[in-house]
Each structure stands twice: as structure tokens, then as C-alpha cells.
Amino acid sequence: MLPEPLRDYAPAVALEELNPAAIVGGHADRGEPTLYLNPDHLVEACQKLKERFAFIRLSSVTAVDRHPDEPRFEVVYHLHSLENNARLRLKCRVGGQAPSVPSVTSVWTGANWYEREVFDLFGVEFRDHPNLRRIMMPDDWEGHPLRKDYPTHGHKYSYKD
Amino acid sequence: MPDLSPELTEEASPAGTEAAETRKRRLTVNMGPQHPSTHGVLRVLIDLDGEVITGAQPDIGYLHTGIEKQCEAINWSQVTTLTDRVDYLANLSNNLVYSLAVEKLIGDIEIPPKAQWMRVLLAELQRISSHLVWLGTHALDIGAMSMLFYCFREREQLLKLFEMFSGQRMMTSYIRIGGLALEPPRGWQRRVKEFVDIFPSRIDEYEALLEHNPIWLQRTRGVGHISLEDMLAEGVTGPMIRAAGLPWDIRKSEPYSSYDKFDFKVATRTANDVYARYQVRMEEMRQSTRIVQQALDGMPEGPWKSDYQHVTLPDREKMKTQMEALIYHFKIVTEGFRVPAGEVYQAIESPRGEIAYYVVSDGTSQPYRVFMRTPSFGNVQSIGTLLKGKLIADSIASMGSMDFVLGDVDR
């Protein structure tokens with residue numbers, strides 16, 4: 001069942017028709033539609049949105065850490081349609097234990113680096129990603145800096161010494 | 001464009017044959033991270049077959065500073081100073097997109113017309129300044145050395161203008177949440193007017209230097225082609241897209257800060273090569289000059305910042321005479337203002353393309369999360385596709401035509 005503000009939103013209605021299990025929630029805060037998707041149906045939903053609603057651009061992929069709440073991570077996708085001049089935000093919620101979502105690189109090749117960045121800084125794994133390596137931090141770095149339980153100052157080093 | 005001949009593949013070249021000999025020419029070249037043409041710290045691993053590039057893998061992260069992490073530890077208004085450091089050639093654009101995002105989160109804050117006009121004017125001066133750096137350094141990279149001096153002559157004037165209103169040449173932090181940081185100084189508009197009066201003739205000078213220069217033409221025309229579909233799929237934005245014929249400009253498609261009240265054209269070309277990207281940027285500088293002219297002519301009178309007391313600092317006069325203003329001043333300076341919980345994604349057109357900030361608030365006086373979708377990140381991602389099948393000699397011209405800033409890539 002779609003949440004109230006999205007009942008007339010065509011992409012949400014179409015996804016609901018395609019697969020009732022795909023959408024698990026949503027809202028339209030400050031005029032920006034957001035859909036919460038079930039990670040298991042993410043790739044097919046993205047494919048549908050790209051083909052049917054011309055969301056040919058993936059503007060960015062990022063994540064938000066809701067630590068200590070569970071499910072801990074929100075992986076956030078910002079889609080953009082040049083044809084309809086529309087933007088859409090998709091979210092997948094995943095728990096803190098071995099977080100993992102499917103990669104959307106098969107839909108938009110540009111997701112490659114954005115997903116690597118989320119993997120590097122949040123430690124969320126992207127299944128079927130062609131090259132899932134750290135991108136910002138050195139390869140032998142321990143920890144994921146943008147997690148909320150990672151300190152802002154000094155991981156191994158202290159400014160006091 | 002040279003194609004790889006079939007005898008160069010491994011299956012078609014058993015050992016001892018002539019084809020096996022040519023296979024030995026295969027080479028992986030490491031370019032960077034310290035290389036003068038990368039204008040920052042970018043490393044590219046280039047696989048070569050003779051002179052032809054068979055693959056290129058950009059390696060980034062050398063300038064990663066953790067700005068997004070730092071944003072979560074400071075007040076909403078303090079983040080403005082960090083946004084300057086993201087793209088150090090387009091700091092006003094970064095100030096603007098962050099301010100717009102937070103203002104959208106706050107919701108009922110009204111930005112007075114003068115502040116909006118000033119923001120447009122500043123963003124366009126910034127665009128000119130950024131394109132001048134690109135033009136000068138790109139021409140320098142491919143052999144036209146004197147261009148750098150001409151371009152930096154005009155850029156110096158712009159930096160003096162920036163210094164005049166903000167006290168800083170580059171890290172201006174001038175566009176703030178709720179309006180501007182300070183009132184523009186007296187006589188500043190006259191100085192801007194003097195600049196836009198002479199600038200079109202300076203663009204003619206640059207064109208005279210480059211467009212009849214056979215070396216420049218040979219090194220840019222028909223070089224650096226990448227299909228529009230590839231660019232859209234890989235996340236490329238900005239002048240690269242417009243040089244391939246797609247008239248997509250966020251100033252037109254999703255107008256912000258009263259851009260819809262200005263008359264300008266979106267510069268496009270269809271040749272989709274380095275030369276077309278150069279032409280697009282030249283045309284954008286002309287259009288920016290027009291916008292600055294219009295902003296100067298139609299500059300509204302009135303306040304230069306919002307009177308939303310919870311967010312903007314009160315005037316000095318009020319603070320010294322009114323108790324309430326003093327309390328607000330104290331609250332904003334000591335603990336910062338609170339922003340209602342929620343999330344926004346605000347995109348604007350920076351000189352390099354789509355710059356978008358995803359800002360999440362949990363209702364406190366510090367951002368919960370600030371994500372910066374920077375144009376250079378998407379552009380640099382496409383280097384592999386861009387260089388594949390090209391000549392090694394053209395790699396600098398092709399990569400340079402993207403106009404990336406490594407601080408913008410790594411954040």
C-alpha cells in the first residue's frame with residue numbers, strides 16, 4: 001500500500017503494479033519524492049524507472065548512518081530525468097550486521113565509483129559490483145570513516161602527544 | 001580514430017610470429033599522481049599498445065580531506081567555510097548550493113531580492129574566473145603558453161573584486177545561509193561595471209590568439225570524442241554535455257536564486273570534441289558577462305540578508321540597542337541555530353557541471369549528514385571511456401577538456 005502523498009505519483013504507482021513487494025514506504029517531504037525500496041527488488045525497480053520514466057541519469061549514490069538505530073544504514077540514490085525534468089530519491093535500508101545491497105551498475109554504469117565510495121566510507125557491500133575496492137582511503141585502511149561510531153579526530157593518532 | 005588490428009590480440013598472435021613481436025609493444029604507463037597536466041593529484045594508469053591507449057584507470061583519493069565527516073561536527077553556519085575548500089576554483093558556487101540547501105530545509109526563510117541578485121552576479125563572476133583558469137591552463141598544457149598570462153591578467157582583476165567584498169581572494173565564504181555575509185562595499189559595483197565593460201573585448205583577444213593558431217586547432221579539433229550516451233551513463237555533466245549538443249543547464253531547467261528573471265542563452269555545440277568544449281566555455285563567458293550586466297543594471301534596493309532572526313545575525317546597530325536582537329546574536333554565535341529535521345537535495349550549475357548537496361538534518365544545530373555530489377567526480381569517472389582507443393599524445397588534451405578540480409573529486 002502506497003503512503004498517502006505518493007498515491008498519485010506515477011513512478012510509485014507503476015512500481016507498485018510491477019511488484020507490490022518492491023515499495024516499503026515513502027514520503028514527499030519539501031516537494032522531493034522519496035521511495036523506500038526493498039533491497040531484493042532494487043535492481044528491477046531501477047531498470048523499470050529508467051526505461052519507463054526516463055530516469056536515464058543517476059545523479060549520485062550515498063548513504064546515511066542512523067547509528068545506533070536499526071536498520072542502521074540508508075543507502076540513498078538520486079535519480080534524474082532530463083526528459084521530464086524530474087528528480088526522485090530512492091532509499092534502501094539495511095541493518096548494521098554485514099550491510100549489503102545489490103549493485104545498480106548494471107542499470108547505470110556511473111554508479112561504479114559512487115558505490116565504491118559508500119563501500120569505502122560506510123562499509124556497505126554492493127553485491128555484483130565489478131570492482132568493489134576502496135576509492136578514497138588507502139587500500140590497507142581499517143574502519144569506515146563516515147560511520148557515526150568512527151571518531152572525527154584521530155583514529156590511531158592523538159593530537160595530545 | 002585508429003582501431004586495434006585483429007593480429008594484436010593474443011589469440012591471433014602465437015609466439016614467434018611478427019604479431020607476437022608487436023604484442024611486446026604493450027606497455028602500462030603510470031601518469032601521476034604528480035604530473036603538471038593533472039592540476040592536482042590524479043593518477044592514471046594507462047595501458048598502451050604502441051601509441052594507442054587500450055585502457056585507462058584513474059586512481060583518486062590523494063586529496064581526500066574528510067570534509068563530509070568534518071561537517072557533522074560543526075554548526076550549520078560554520079560549514080560554509082568548508083564548502084569553499086571543496087572546489088577551490090568555484091567556491092562561491094559551493095557557498096551558494098549549500099546555502100540554498102539549508103534554506104530549503106528551514107523552509108519559511110525569505111531571501112530578499114538584492115541578495116538573490118547579488119548571488120547570481122557572484123556565481124557568474126565565479127564562472128568567468130573558473131573558465132579563465134581552465135582556458136589558460138589548458139592552452140598551456142597543449143603548447144600555447146602565452147594564453148596563461150592573458151587569462152590570469154583578467155582573473156587577477158576578478159580576484160581583486162572578490163577580495164574587495166569579502167577580504168579573501170579565493171576562500172570567500174561570502175554567500176551565507178539567509179543572504180550574504182556583509183554588505184557589498186561602496187564603489188564595488190562600479191568596479192564590476194568596469195570589468196564587464198572591457199571583458200567582451202578580452203574574449204575577442206583570446207579567440208584571436210587561439211582560433212587562427214594551427215597548432216591549437218590541430219590539437220583540439222576532432223580530439224577527445226565520447227558519446228553522449230556514455231557521458232550520461234557515467235555521470236558527466238556541464239560543458240562536456242553541452243558540447244555534445246544537449247542543451248541541459250540547471251540554471252534553465254531548475255532555476256534557483258531568480259535565474260529565471262535573467263535573459264541568457266545556453267551555449268551548445270554539436271562537434272563533441274575538445275574544440276567544441278572550448279567554444280562552449282567561451283560562449284558561457286560571454287553569456288555570464290551578459291548576466292552580470294543585467295544584474296548590475298537591475299540591482300534591487302533593500303536589505304542584503306534575510307530578517308529571519310533565528311538564522312541571520314542582527315545588524316550591529318540593533319544588537320547594541322535592542323535586548324531581543326542581542327539574545328538572538330548570542331544564541332546564534334554560541335550554540336548555532338536549529339534546522340528542522342528533514343532532508344533535501346539541491347542542485348545548481350557550477351562552472352564544471354551539476355553540483356548537488358544532499359543535506360540531512362535531525363533537528364539539532366549541527367548537520368546530521370552533508371553529501372556533496374561534485375561535478376568533477378562524475379567527470380573523472382569517465383576518463384577510462386574517454387581515453388580508450390585514443391592516441392597517447394591526445395590524452396592530455398582530452399582529459400584537460402573536462403576541467404576537473406581534484407579537490408572537487410576527493411573532497
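Is Ser173(B) buried or exposed? In this predicted model, Ser173(B) is buried, with a relative accessible area of 6%. The residue sits in the loop between helix 6 and strand 4 (175-176) of chain B. Asn85(A) belongs to the loop between strand 4 and strand 5 (86-94) of chain A. With a relative accessibility of 37%, Asn85(A) counts as partly exposed.

Turning to the helices of chain B, helix 5 (residues 113-141) and helix 6 (residues 146-166) have axes that come within 9 Å and cross at roughly 155°. An angle over 145 degrees counts as roughly antiparallel, and the two helices are therefore roughly antiparallel to each other. Helix 5 of chain B passes helix 6 of chain B in a left-handed crossing. Among the residues making this contact are Leu122(B), Leu125(B) and Leu132(B) of helix 5 and Phe152(B), Leu158(B) and Phe162(B) of helix 6. By class, the contact residues divide into 15 nonpolar, 4 polar and 2 charged.

A second pair in chain B consists of helix 7 (residues 188-210) and helix 12 (residues 274-297), which pack at an angle of about 160° with their axes 10 Å apart. These helices, too, are roughly antiparallel to each other, and helix 7 passes helix 12 in a left-handed crossing. The contact includes Val192(B), Val196(B) and Ile203(B) from helix 7, and Met282(B), Met285(B) and Val292(B) from helix 12. Here the contact residues comprise 12 nonpolar, 3 polar and 5 charged.

Finally, Asn94(B) can be found in helix 4 (residues 91-106) of chain B. Asn94(B) is buried, with a relative accessible area of 0%. Its side chain reaches the backbone oxygen of Ala90(B) at 3.0 Å and makes a polar contact with the side chain of Tyr357(B) at 2.9 Å. Leaving aside residues up to four places away in sequence, Asn94(B) touches Thr83(B), Val86(B), Asp87(B), Ile355(B) and Tyr357(B).

Technical notes:
Residues numbered from 1 in each chain as written. Chains lettered and ligands numbered in written order. Predicted model: local features only at pLDDT ≥ 70, side-chain atom pairs only at ≥ 80, totals over all residues. Heavy atoms only, no water. Axes fitted to C-alpha atoms, helices over the stretch in contact; angles between N-to-C directions. Helix = DSSP H or I, 4+ residues; strand = E, 2+ residues; numbered from the N terminus. Parallel < 35°, antiparallel > 145°, perpendicular 65-115°, else oblique. Left-handed = near helix turned anticlockwise from the far one by under 90°. Contact = heavy atoms within 4.5 Å. Nonpolar A, V, L, I, M, F, W, Y, C, P; charged D, E, K, R; others polar. Buried < 20%, exposed > 50% of the residue type's maximum accessible area, 1.4 Å probe, protein only. Polar contact = N/O pair within 3.5 Å; in protein donor to acceptor, adjacent residues only side chain to side chain.
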